[in-house]
Structure formats: structure tokens, C-alpha cells
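Work through the exercises below with the sequence and the 3D view side by side, and try each task before reading its solution.

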There are 2 protein chains.
Amino acid sequence: MARRPLTKPRKIASQSRSRATVDALVEATARILVQEGFDKTSTNRIAEVAGVSVGSLYQYFPGKDSLVAAVIDRHREEIMRTVRKGLAGVFDLPVERAMRKLVAIGVEAHRTDPRLHRVLAEQIPRVGKLKELEAFSRGNYALFRAYLEHHRAELRVDNLELASFVCATSIEALTHNAVLYHPRMLSDGMSGALIEEGARLVTGYLKGKGFVDGGFMKTPA
Amino acid sequence: MARRPLTKPRKIASQSRSRATVDALVEATARILVQEGFDKTSTNRIAEVAGVSVGSLYQYFPGKDSLVAAVIDRHREEIMRTVRKGLAGVFDLPVERAMRKLVAIGVEAHRTDPRLHRVLAEQIPRVGKLKELEAFSRGNYALFRAYLEHHRAELRVDNLELASFVCATSIEALTHNAVLYHPRMLSDGMSGALIEEGARLVTGYLKGKGFVDGGFMKTPA
DNA sequence: ACAGAATATGAGCGAACATTCGCATTTGAT
DNA sequence: ATCAAATGCGAATGTTCGCTCATATTCTGT
């Protein structure tokens with residue numbers, strides 16, 4: 001009965017089986033989010049599905065939101081793993097190929113558990129994870145900018161900041177929307193078409209400085 | 001006391017002052033959404049801010065969600081008014097100018113009460129308005145496609161469907177993100193720069209069919 | 001085998017909310 | 001002036017849900 005008041009729910013973790021409990025809880029949260037929706041995702045239900053009791057839940061998580069946050073973190077890490085893997089070598093590729101690769105990576109990343117991705121994307125504001133998400137975006141965006149600086153010679157843009165924003169935003173939106181809302185656009189070999197178009201979009205933008213009034217494009221030096 | 005049971009909350013409206021009540025409720029909902037957030041937006045609070053009683057609220061709205069839905073509809077209509085106004089004459093403009101105009105319209109549309117727009121964008125999934133939003137997107141998207149068909153001769157794309165998706169998605173994302181998350185990008189005369197870049201992005205995509213391996217662009221016929 | 005720490009349990013408390021219903025007040029027509 | 005319908009009121013009700021705590025079970029080192 002040497003029970004010191006564990007009033008404030010702890011977050012400190014595990015020595016053996018508690019690991020399993022934590023995993024089960026996070027896994028259950030993800031499953032419920034996908035299959036039953038955010039509203040049905042109550043602490044009691046999570047515990048039930050995880051096969052543990054609510055009490056145990058509160059041993060490791062201060063509340064429902066932190067459970068969802070854990071799911072988000074887990075998902076994001078999985079995505080980053082995909083991205084890092086794909087990013088290898090891209091830095092030294094010439095623009096056209098690099099862009100094609102980047103769009104492909106975007107598609108691939110969004111394909112990581114799309115149903116979960118969609119729910120999370122929709123419910124992130126609710127959990128106050130927006131800040132982290134913006135940070136994440138800014139990261140990609142900075143990475144992109146670094147690439148552009150490195151390849152400045154091949155480009156015909158003067159404002160790299162703006163160009164990074166334009167490209168990163170477009171690629172993100174394109175892949176996000178395609179995967180989540182137009183899945184049939186990616187069935188069969190169609191995904192190649194999207195990648196091709198996306199790459200062409202940003203490549204043209206980066207390499208072609210604009211139109212002279214007749215409809216001509218200039219060629220990079 | 002000829003009181004027939006009004007149990008089921010009605011939605012039928014007004015003959016005079018009830019109009020004011022309904023307006024006050026919707027207006028209060030919008031104000032609370034912006035200033036206090038979705039979570040604080042309870043029926044009681046809405047009634048309080050609107051200066052009416054909860055009972056009256058339930059006379060006209062079956063519940064909190066329908067209030068939010070009303071706000072959404074109202075906002076969307078305002079946006080559509082802006083868009084329609086801007087769209088006049090665009091249909092017959094040549095590609096480059098049309099695109100510039102379209103991006104400008106996107107910026108303008110998102111500037112309609114950006115704070116409300118942001119909250120709504122974040123909370124729409126919660127209210128089950130996603131279907132309508134998708135329909136709305138598809139509308140713009142169809143409009144865009146119609147434009148492309150009309151100007152097919154000036155273009156160098158073979159898949160109009162795909163091209164519409166690429167352009168509409170990019171413009172939407174660009175303007176949305178710029179207005180809501182990078183407001184300083186539009187202060188001063190900077191908005192011109194964004195419009196210029198966005199227009200160049202899609203125009204280049206539509207008119208330049210792609211690259212030959214050396215980095216050349218072809219010129220439209 | 002034993003003690004104490006770690007972990008697990010789940011009924012139940014309490015706060016927040018949505019919603020109702022009996023009644024009061026206003027409006028519009030006669 | 002009078003009445004019925006429309007509108008408005010808000011204390012009271014019921015439900016949902018997060019969260020706690022007294023207790024039970026398991027684990028680890030000795």
C-alpha cells in the first residue's frame with residue numbers, strides 16, 4: 001500500500017508489458033479513428049477496443065487528445081521514413097528528374113495508410129496539432145529551397161523563397177488531393193500520368209522564365 | 001393555450017421579427033467561431049451572444065450543427081458572389097490573361113473574411129459538410145475544364161480532365177495557403193508577385209507541352 | 001518465498017451540454 | 001378590444017464522457 005498519489009496521470013513509460021499496453025492503446029485509437037470516426041473515439045471506447053481498462057489508459061496518457069497526438073506522431077514518422085528513403089540522391093539530380101522524383105515521393109508518402117491520413121488531416125485542428133503540422137510543412141519547404149539554391153544555375157526564377165512556396169504547395173496539394181479524393185486517378189498505371197503532369201508543372205515553372213507576348217518561351221542559359 | 005406540441009424543432013421561418021432572430025443567431029455563431037473557437041460554440045452560448053433564448057434557437061435550428069452549417073452556407077454564397085463577379089469575361093480571354101485573372105480571383109475569394117474562412121475550413125469535416133465542399137470544388141473544376149475546352153487550340157495538353165485537376169488544385173492550394181497561412185506574403189504590393197507566379201505556373205503548364213531532353217521548350221503552334 | 005513496486009481494473013463521480021416543455025409576450029387580423 | 005397564432009423564454013432534465021481512486025493483480029529483485 002505504499003501508494004504515492006498518482007493523481008497527475010503519468011507519462012513515464014514502461015519496463016515490459018506496459019509497452020504492450022501503450023501500443024495497444026495507440027493502435028486501438030488509430031483503428032477507431034478510421035473505422036468509427038473521431039466522435040466515437042472516447043477514452044472508454046479506446047480502452048475497450050485495446051482490451052485494457054480506462055484506468056490503465058490514464059496511467060500513460062493524460063487524456064484523449066494525447067492519444068490522438070500519439071497516433072499522429074506515429075503516422076508522421078512513418079511518412080518521414082518514406083520521404084527520407086525516396087529523397088536519397090535527389091539533391092544532385094537535375095531539375096526535371098528531381099521534380100519527377102519529388103512528385104512521386106509525394107504520392108508515395110500520401111499512400112501510407114490513406115484512410116488514416118485522411119481522418120488525421122481532417123481532425124488535426126481539433127487536437128491542436130496545427131502548429132506541428134505547419135512546422136512539418138516548413139521543413140519540407142526549407143528542404144525544397146535548399147535544392148533550388150543548389151541548382152540555381154539551371155533555374156530562371158529570381159525569388160527563391162516564393163518559388164519554393166509555389167512548388168512545395170502545388171506538389172503537396174496535387175498528391176494530397178489525388179490520393180485522398182480521386183483514388184481512381186492512381187489506379188492502374190495512371191499514377192504515372194499524374195506524376196508526369198505534376199513534374200511538368202513545376203519544372204516548366206522553374207526553368208521557363210515566362211512568356212514573351214507572342215507566346216514564346218525563353219530557354220535557360 | 002391552443003398549443004400544439006412543437007416538440008419537433010421546426011425550421012419553418014418567419015413573418016417579421018423572427019427573421020431578425022434567425023439572423024442574430026447565425027451572426028452570433030460566426031462571431032463565436034472566430035473569436036472563441038469551435039469548442040466554445042455551444043447552443044447556450046450562441047443564444048446568449050445572439051441575445052435570444054435557447055428555446056428560440058431550437059425553434060429554428062434542430063441543433064448546433066445546423067447553425068454552423070448555416071454559417072458555412074452564408075460564407076460560401078458570399079464567396080461565390082465574389083467569384084462570379086470576377087469571372088465575367090474571363091471565358092473569352094486568352095490563356096495567359098485568363099490564368100492571371102483566375103489566380104487573382106482565388107486570392108480575392110479567400111480574402112473574404114479570412115479568419116472565418118480558416119475556422120470553417122478546419123471544422124467543416126466535423127459538421128459533415130465535406131460532401132458539399134467536394135461538390136463545390138467539382139463545380140469550379142468543371143468550370144475550369146469548360147474554359148480549357150473552349151481554348152483547346154491554344155493549349156498543348158492532351159488530357160483535359162487531368163489538366164483541369166492539376167490547374168484547379170494548384171490555384172486553390174496556392175491562394176488558400178497564401179491567404180490563410182502566409183498573410184504577409186500578400187501585404188503591400190506583394191500580392192501581385194504571387195498572382196504573377198501562380199499564373200506563370202499554370203500558363204507554362206498549359207502552353208508548353210514539355211521538354212526535349214536538352215532543356216528546350218516547344219512553342220505552341 | 002516474500003516484499004514492495006509497477007501495472008491493471010472499472011464502478012462511479014461530476015461537469016459540460018444539448019434539448020425539452022410549460023408558460024409568457026408579441027403580432028396581426030377582425 | 002379580442003383572440004389565436006407566432007414567437008420567445010429559461011429552469012429543469014437527461015445524457016455523454018472525461019477522469020479518479022480504492023482495490024486487485026503481476027512483476028522483479030533478493
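**Exercise 1. How many helices and how many strands does the secondary structure of chain A come to?**

Before counting, note that this is a predicted model, in which local features need pLDDT of at least 70 and side-chain atom pairs count only at pLDDT 80 or more, while totals for chains, interfaces and linings use all residues. Residues are numbered from 1 along each chain as its sequence is written, and chains are lettered from A and ligands numbered from 1 in the order in which they are written.

Step 1. Helices are DSSP runs of H or I with at least four residues and strands are DSSP runs of E with at least two, both numbered from the N terminus.
Step 2. On that basis, chain A has nine helices and two strands.
Step 3. Along the sequence, the pattern of chain A reads α-α-α-α-α-α-α-α-α-β-β.

**Exercise 2. Find how the span of α1(A) agrees with its number of residues, and list its buried residues.**

Step 1. The expected span of a helix is 1.5 Å times one less than its number of residues.
Step 2. Because α1(A) has 20 residues, it should span 28 Å, and its end C-alpha atoms, 27 Å apart, agree with this.
Step 3. A residue is buried if 20 or more other C-beta atoms lie within 10 Å of its own, exposed if 12 or fewer, and partly exposed in between, with C-beta atoms placed from the backbone.
Step 4. In α1(A), the residues that count as buried are A:T21, A:V22, A:L25, A:V26, A:A28, A:T29, A:A30, A:I32 and A:L33.
Step 5. These buried residues pack against α2 (43–50), α3 (54–60), α4 and α6 (114–127) of chain A, where two residues are in contact if their C-beta atoms, placed from the backbone, lie within 7 Å.
Step 6. A:V34, also in helix α1 of chain A, is partly exposed because it has 16 C-beta neighbours inside 10 Å. Apart from neighbours within four places in sequence, A:V34 is in contact with A:R115, A:L116 and A:V119.
Step 7. After α1(A) comes A:G37, with a positive phi near 90°.

**Exercise 3. Describe how α1(A) and α4(A) pack, and which residues meet there.**

Step 1. Axes are lines fitted to C-alpha atoms, for helices over the stretch in contact, and angles run from 0 to 180 degrees between N-to-C directions.
Step 2. In chain A, helix α1 (residues 17–36) and helix α4 (residues 64–87) have axes 9 Å apart and pack at an angle of about 90°.
Step 3. This makes α1(A) roughly perpendicular to α4(A), given that angles under 35 degrees count as roughly parallel, over 145 as roughly antiparallel, 65 to 115 as roughly perpendicular and the rest as oblique.
Step 4. From α1(A), the residues A:L25, A:V26, A:T29, A:A30 and A:L33 meet A:L67, A:V68, A:A70, A:V71 and A:R74 of α4(A).
Step 5. Sorted by class, the contact of α1(A) with α4(A) has eight nonpolar, one polar and one charged residues; here Ala, Val, Leu, Ile, Met, Phe, Trp, Tyr, Cys and Pro count as nonpolar, Asp, Glu, Lys and Arg as charged, and the others, Gly among them, as polar.

**Exercise 4. Which residues of the largest nonpolar core touch the most other members?**

Step 1. A nonpolar core is a set of buried Ala, Val, Leu, Ile, Met, Phe, Trp, Tyr and Cys residues joined through C-beta atoms within 7 Å.
Step 2. The largest such core has 60 residues, of which A:C167, A:V202, B:C167 and B:V202 touch the most other members.
Step 3. Two or more residues are given to this core by each of α5 (95–110), α7 (130–150), α8 (160–181) and α9 (190–207) of chain A, and by α5 (95–110), α7 (130–150), α8 (160–181) and α9 (190–207) of chain B.
Step 4. Setting aside neighbours within four places in sequence, A:C167 is in contact with A:F144, A:V202 and A:Y205.
Step 5. A second, separate core has 19 residues, including A:A47, A:A50, A:L57 and A:F61.

**Exercise 5. Is A:I171 buried or exposed?**

Step 1. A:I171 is placed in helix α8 of chain A.
Step 2. A:I171 counts as buried because it has 24 C-beta neighbours inside 10 Å.
Step 3. Not counting residues up to four places away in sequence, A:I171 touches A:L102, A:V103, A:G106, A:G198 and A:V202.
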